[in-house]
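Student: Could we go through this model together? I would like to begin with the ligand site.

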Amino acid sequence: MTQAGIQPENRPVRGPSIPRLTVNMVKTAIQLTESLAAQALLLAVERVENVPWEALANYKGRLLLVTSQHSEEFDHKREDLHIFDVAHASLSRSDRANLGLLLAASSGLLTEKNSVVCVTGPDGRRLDSINVTKPEVHFRAMLSEKNRRGADVVRPAVMLRVLTLAIEIAAEGREAHPIGALFVIGDSRQVLRHSQQLVLNPFHGYARQLRNVLDPSLAETMKEFALIDGAFIIQGDGTVLSAGTYLTPKSASGSVAHGLGARHQTAAAISAHTQAMAITVSQSTGTVTVFRNGSSVLSLERSGRTKW
Ligand SMILES: Nc1ncnc2c1ncn2[C@@H]1O[C@H](COP(=O)(O)OP(=O)(O)OP(=O)(O)O)[C@@H](O)[C@H]1O
């Protein structure tokens, strides 16, 4: 088992009773996983105690658990079990499953070729829907390191860190008000050619190691600076170059849904004209969207559980 490095024990985890529907869904999902020769079965549960372990007893394939609450006492032994804590209560369970897929893909656990069978449901203990997805569709553009030679490539850890920040900004807002944000990551030399500073750059003059998004202590600063109009420009290794930057790419050649405003159009356009990835937080809807090559490649919607 990976993630928390929890050591095995061949007995079912004691926990709350599991709804019969959940047990049947998991059994059906196992059959589907085997008949499709899918590369993994993913269960999106609140806690590991909500997993119907007995139904999984004969399943020998790769099992991905996407949990939303960390379980300290979990000690289940199982080969090829990987747990991802996606503790973003503001996201729906299916969006948490999507994020879990992305984490699994960025850890090298999923290939692009084969399907993954995902079991999700409404919040709570019930699992009531199964879908089959190919990581390729979601993630090739996000995790690809095969960018143009010489471009400043986005490290998966940096992308995941900024995505987490964006989800937190969407959920928390600032001073009890929703706020938006725009992060442009990678290919920064080209991005800077299409930009101008709206205000004095608050990151100017700081040592590189003090302004890397991978440093958790930078999170609050980033959230505070998200209040400034404009975008963050971030290098592929996580170094923040600027905030409050106005981007001036030509209009997007990619596909952006109608009705989106300037922030999202700009994100699409900069990702079309450079090798950068753009991540937006919509102030009006709380949706977090990832753009690459001019198009939206991932969209995570805020659920109703926020302060406004
Ligand atoms: N070209 C740009 N470069 C950088 N930031 C921009 C640009 N255009 C817009 N923004 C930022 O996006 C903010 C919101 O703009 P707007 O409401 O038109 O976008 P939107 O796509 O509808 O976003 P939201 O869903 O957050 O309202 C602006 O106040 C500004 O901070």
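**The ligand shell and the helices**

Tutor: β9 (240–247) and α7 (262–273) each supply at least two residues of the shell around the ligand. Helices (H or I, at least four residues) and strands (E, at least two) are DSSP runs, numbered from the N terminus. This is a predicted model, in which local features need pLDDT of at least 70, side-chain atom pairs count only at pLDDT 80 or more, and totals for chains, interfaces and linings use all residues. Residues are numbered from 1 along each chain as its sequence is written.

Student: Which element gives the largest share of the shell around the ligand?

Tutor: That is α7, with four residues.

Student: How many residues surround the ligand, and which are the closest?

Tutor: There are 16, and the closest are G180, G261, A262, R263 and S282. A residue is near a molecule if its C-beta atom, placed from the backbone, lies within 6 Å of it.

Student: How do the residues of that shell divide by type?

Tutor: Six are nonpolar, eight polar and two charged. Ala, Val, Leu, Ile, Met, Phe, Trp, Tyr, Cys and Pro count as nonpolar, Asp, Glu, Lys and Arg as charged, and the others, Gly among them, as polar.

Student: Back to α7: how many of its residues are buried?

Tutor: In α7, 10 of the 12 residues are buried, including R263, H264 and H273. A residue is buried if 20 or more other C-beta atoms lie within 10 Å of its own, exposed if 12 or fewer, and partly exposed in between, with C-beta atoms placed from the backbone.

Student: What covers the buried residues of α7?

Tutor: The cover includes β6 (181–185), α5 (188–193), β9, β10 (277–281), β11 (288–292) and β12 (295–300).

Student: Changing topic, why is α2 largely enclosed?

Tutor: Because 12 of its 14 residues are buried, α2 is largely enclosed by the rest of the structure. Among the buried residues are R93, D95 and R96.

Notes
Two residues are in contact if their C-beta atoms, placed from the backbone, lie within 7 Å.
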